[in-house]
Structures are given as C-alpha cells and as structure tokens.
Amino acid sequence: MDVASFAGPFLPEILLLAGTLLVFLLDVVRVRRNEVVGAVTVLGMALALLFVLADLGFAPIAGLATISSGGIDTVPSGTPLYAVTSLGLVFQAIFLLAGLLVALASLSRPSRERGAPIFFGLLSLATLGMLLVAIASDLIFLLLSIEITSIATYLLVAYTRRDARSMEAAMKMYIIGALSTTLSFFGASLLYGAYGTTNLYAIRAVAGTGGYPVLVLLGYGFLIVGLAFKATLVPFHAWAVDVYDGAPTDVTAFLAGGSKKVGLFAFFLVFLGPVLLARTAPSGGPFTNGAVALGPVLQVTLSVLAVVTMTVGNVLALLQKEMKRMLAYSSISQAGYMLIGVAIGTAPALAGATLQMFAHVFMKGAAFLLVAGVAAWGVGPLIEDWRGLGTRRPLTAVAFALMLLSLAGVPLTIGFVSKFVLFSAAVQAQGYFVWLAVAGLLNSALSVFYYARVLKVIFFEAPAPRSEPLGVVAGASEPEVLPAGGFGYGRATAIALAVIVIVAVGVYPQPVLGAIQAAAQQFVSLGP
Amino acid sequence: MSGLPIVGFVGLSAALLAVGIFGILTRRNFILLLIAIEIAMNAGILNFVYFAAYTGGTAGLTGQAIAVVLVGFAATEVAVGLAIVLALNRLRGSINVAEATELRR
C-alpha cells in the first residue's frame, strides 16, 4: 500500500494530529497566546471538515475528495480495522462541527485564563479519537478510539487544575470512565471467544455458527453497559450531571455536544448488525443460538433503555434550580431520543437519530457556550440569576431562547425536524415501536415545562439589582470588556453560527436531511 | 488446545472482574481504586489470552496481539489516573474519594 492511498481516508485525522503536535510544540517554544494556539486548532479542524465534506460529495468542493468513490460504502474484504461509510463521514462532520464550535468560542476566553496550549491540544486530540470511531470496523479499534477521546477528555476536564470543582469532576469522570472501559473490553473479549474474530463485518457474517450462546449474550450485555456509561443512558448517567456541572463550561459544551455521541455512534456500529438481522429474519436469523434470538432481545433492551433515559432525564431536569445542571439532565434525555434510532434499526429511524445528534451539537453545545459567556460576566449558577436578561441583553436572550425552543422541538427549528423524522420512523416501523413515538412525544411535551420556565425568568421577571453592568469580565483585577457584545468575536461567531443552523435547517431541512437519509440507507444495506 | 475447560477459565476471569468491580465500588483511597481498576481490566485481557489459545492458528494470533495492546493501554490509563491523583493531592492534601463532595448538593 503506497503512502498516498493510505493517507486518503486518514487525511482529516492526520490534519488533526498535526494540529495537536503543532500546538504542543508551540508550547515548548513559549508561544502560548490564546488567539495563536486557538487559530492553529481552528484551522486544522476547518481543513479536516472541508475534506470530510468533499468525501461526502458536496457539489462545490467534491473535487477535493481524497477517497475514490469505490472506497466508500463497500463491504471490506478481509478483516481490516477501518471501513469508510457515508454515515461514518456524516458523523465525522458532526464531530468536527462540535470541536470547531468549541474551539471558536474558546478563542475568546478572558485573557487571565491560562493553559491555552493544553486546552486546544487536548481538544484536537479528543476530536481525532472521535473521527477514528466514525470509521472503525473492528471492535477493538472502536473501543481504543473511544479511549483516545476519553483520556483526552479526562484531562480536558482537569486542565484548570487549581479549581477544586473541576478536579472533582475529573476524578469522578475518570473512575466511571475506567469502569465502563473495563466492562466494554470484557464484553469484547467474550464476543472474541464466541466468534473467533473482533471484526464487526466478520461477526455479522459468521454469527450463526458460534457455539456459545451464553458468551454472545453476556458479551453484548457487557458492551451495552460499558457503552451506556459513555453515552450517559439512565441508569448509567449519575456521573454525567456532576461532571457537566463541575467541568469548565466550554469543556462541558464539548462533552455534551461532541464526545458523548461517540458512545451513541458505537451503539450504531455494534448493535445494528443483530438488530438488522432481527428485522430481515423475524425469528432472529443467524443470531439465533438455541432458544434465544439475540436481535429481538436487543431491540427490547434498547427500547426500554431509551424510554427510561428520556423520562428520567426530563423529570430530573424539571427539578433543577441551576442552569448547567438543568441543561445536563436535558442532555441525558436527548440521548434517549437518539437511542430510539438504533432500537428500531430502519434507515429512516437511523436518519432521524443522526439528524437529532447533528441538531444537538448546535442546540446543546452552543447553549453551554452561551452559558459560559454569560457566567464570565459574574452571573450566578442559578436559573433565578438570569432574570431580566431579556431586557438587559436582548440579542443574547433571543439566541438562548431559540436554542431552548429547538431543544423542546418547536416547529421551524432544527429540533422539530429531527424529532419529526425520528418519531414518524417509529410509527412506520409499527409493532411496539409506535409506543416509542408516543413516549417521545409525551417527553417532548414534558420538556416544554422546564424550558418555558427558563424563558419566563429571562423575559418576564424584573432584573436583579447589581452594581456592575453585564458584559464585563468578572473577577479580573482591572475591568476587561470583550468585544462583540461582551462575548468576544470567537464566541459570538460560534453562537451566531449555531443560531443560523438551527433556524436555516429548521426552515429548509432538505439538503442536510437528504444527505443524512442517503447515508443511513447505505449504512443499513451494508453496515456491520 | 481445544481440550481446555472453557467454563473454568471464563469463570476465573469473571471472578477477577468481580473482585475488581467490588474494589472500584468500595475503595475510598484513589491509589487502591487504581489497583482495583487494573485488576478488573486484566480480567478482559486474560480472556483474550485464553480464547487465543483456545482458537489456535492465525485467528488465535489476533487475540494475543490484542492482549499485548491492551496491556499497553491499561498502563496509559493508569498514568492519567496518577496525574489526577497528584493534582488532587496538591489541591486538597488528601486522595480520599469520599471527601470530594462539592458537586452533589
């Protein structure tokens, strides 16, 4: 294999790796200015995103594609570690957008904050791991790629190492992360024992011949638990709220908007094979071993997990008094919606779940970025502390309101489109999946309550009396006013971008939705 | 190698996993917790080694290679854990996990 054809599928990853190394090198030669290191990271991610979009075949830049058209969406021969699928490329784009938003916003961190090289280096390293997850076709490669992301994010949470709250968050995240990794690898080892291979395509091909149904069931069981921790599914979610609350808020935006979707995409890769076979052969197909048909069992398990996750997440979000914790619980409930797609396993359902994850980057990721910007002005952590923001900062308040409305699924926002596609796919699938749609709709209605409460506080309550004006960085020795409405250019750009996507895709979803639907169709017809 | 008793070996690694998880759930000292994580991780690695021997041939080599990679990975993970312990100890002078309760109100 010559170098050029090897670099083809890995060009985005190589770019991010180069970005990471360059940032750390700049640190060695004492170039540590936030804007400089941040610009290197943003540039690397933007270039990587450009090549990913070119590989997906978007018209104006398709000439830049580095993978020949025969290299995408073909069942790999032999048992390679990676296979490029169009859905994988869509997810690479989603992950890169999440990384890019956070990197852009962090360009304008207040100047007194240190550790820019560590932050940006680890951010591109974590994104690199996420890109590898999207093209994995081997169970061990997949789990190790997830670990690249995990280890980078433990350190990202801990990078402000003099802050007791974020150190505690890092500690909790590390312990739970290590536990879930252990369980995932144990499950993978059992599957290796049952099938003699760890390649996901090969597992699907040889799946009826394994002689150890107990090993298969236990293996998939351990993998569900291990990956559910990463994807913050209830009842494996308890760590997430504390971590999202304690981590530096820009890092929280990356965790909620980006890295937890790695766990959800791993659900696509690992469990779709058995679920699909259950769909084409209702008796369980080749995954039937003895009396137990794996596919239907998995579908029921994933459906129950999905319903429990969205319900518990929403009910607990209702009870929160703090902004970050409320958004964290709402993020957990959103993971439940996304899991519906895997449980059903049809192409429209996968497309809906993928669009939901795309939307979540711009709704939840950007919401956390906005919260970080507002908190830097000295606004307290409680929802109450935000009262009167609508009169004092109308633009900021309207942007935040749009994100919350989109999270609730109000029409003409991207959140409505993704939920509509997802729930109508559930109704189409018939059987008990119709109840998944019902549960999802009831949960959306429930979520409107707590989003509306926040909107009421922001727009209809009198401002809190305070001495300093909003928009000035709090706690600095001398007053520092960031440009662009107190957010700084980078953060303002990221938030504006998110608002534009929320509204534009909500009004005219066809380009994005069409690309995702085509990719999901390909994935279902040949995926692992 | 197919004469080996599969139940016995998987039972052994399952016991190892149980010991590790019990340790993760009950230990309050971060260092002991790291050791428990290592024990639990080794359960999976042991499985790979055993199944590799059981499978034999070239397919078996995959399992042995994975086992070696995972040993390296486990070391990486513990290195990060130790870094967090160090920073935590510098910050609050204690590595007791139970004392970190600032975030649960």
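## Helix 2 of chain B

Gly56(B) comes directly after helix 2 of chain B and has a positive phi, near 70°. The model is a predicted one. Helix 2 of chain B is built from 26 residues. From its first C-alpha to its last it reaches 38 Å, close to the 38 Å expected at 1.5 Å a residue.

## Contact between chains A and B

In the predicted model, 33 residues of chain B are in contact with 33 residues of chain A. On the chain B side, helix 1 (6-26), helix 2 (30-55) and helix 3 (57-92) each supply at least two of the touching residues. Helix 3 of chain B gives the most to this side, with 15 residues.

By residue class, the side of chain B that touches chain A divides into 21 nonpolar, 8 polar and 4 charged residues.

## Helices 3 and 4 of chain A

Two packed helices are described by the angle between their axes and the distance between the axes. For helix 3 (residues 86-106) and helix 4 (residues 116-134) of chain A, the axes come within 8 Å and cross at roughly 170°. Because angles over 145 degrees count as roughly antiparallel, helix 3 of chain A is roughly antiparallel to helix 4 of chain A.

Helix 3 of chain A contributes Gly88(A), Phe91(A), Gln92(A), Phe95(A), Leu96(A), Gly99(A), Val102(A), Ala103(A) and Ser106(A) to this contact. They meet Phe119(A), Phe120(A), Leu123(A), Thr127(A), Met130(A), Leu131(A) and Ala134(A) in helix 4 of chain A. The residues of this contact divide into 11 nonpolar, 5 polar and no charged.

## Largest nonpolar core

The largest nonpolar core holds 234 residues. The members that touch the most other members are Leu101(A), Leu339(A), Ile340(A), Ala366(A), Leu369(A) and Ala426(A). Helix 13 (residues 347-375) of chain A gives the most to this core, with 20 residues.

Ile340(A), one of the members named above, is in contact with Ala306(A), Ala349(A), Ala353(A), Leu422(A), Ala426(A), Leu436(A) and Gly440(A), leaving aside its neighbours within four places in sequence.

## Leu276(A)

Leu276(A) belongs to helix 10 (residues 249-280) of chain A. Leu276(A) counts as buried because it has 21 C-beta neighbours inside 10 Å, and the cut-off for a buried residue is 20 or more.

Leaving aside neighbours within four places in sequence, Leu276(A) is in contact with Gly345(A) and Val524(A). Leu276(A) and Glu113(A) are 163 residues apart along the chain, and their C-alpha atoms are separated by 49 Å.

How values were computed. Residues are numbered from 1 along each chain as its sequence is written. Chains are lettered from A and ligands numbered from 1 in the order in which they are written. This is a predicted model: local features need pLDDT of at least 70, side-chain atom pairs count only at pLDDT 80 or more; totals for chains, interfaces and linings use all residues. Two residues are in contact if their C-beta atoms, placed from the backbone, lie within 7 Å. Helices (H or I, at least four residues) and strands (E, at least two) are DSSP runs, numbered from the N terminus. Ala, Val, Leu, Ile, Met, Phe, Trp, Tyr, Cys and Pro count as nonpolar, Asp, Glu, Lys and Arg as charged, and the others, Gly among them, as polar. Axes are lines fitted to C-alpha atoms, for helices over the stretch in contact, and angles run from 0 to 180 degrees between N-to-C directions. Angles under 35 degrees count as roughly parallel, over 145 as roughly antiparallel, 65 to 115 as roughly perpendicular and the rest as oblique. The expected span of a helix is 1.5 Å times one less than its number of residues. A nonpolar core is a set of buried Ala, Val, Leu, Ile, Met, Phe, Trp, Tyr and Cys residues joined through C-beta atoms within 7 Å. A residue is buried if 20 or more other C-beta atoms lie within 10 Å of its own, exposed if 12 or fewer, and partly exposed in between; C-beta atoms are placed from the backbone.
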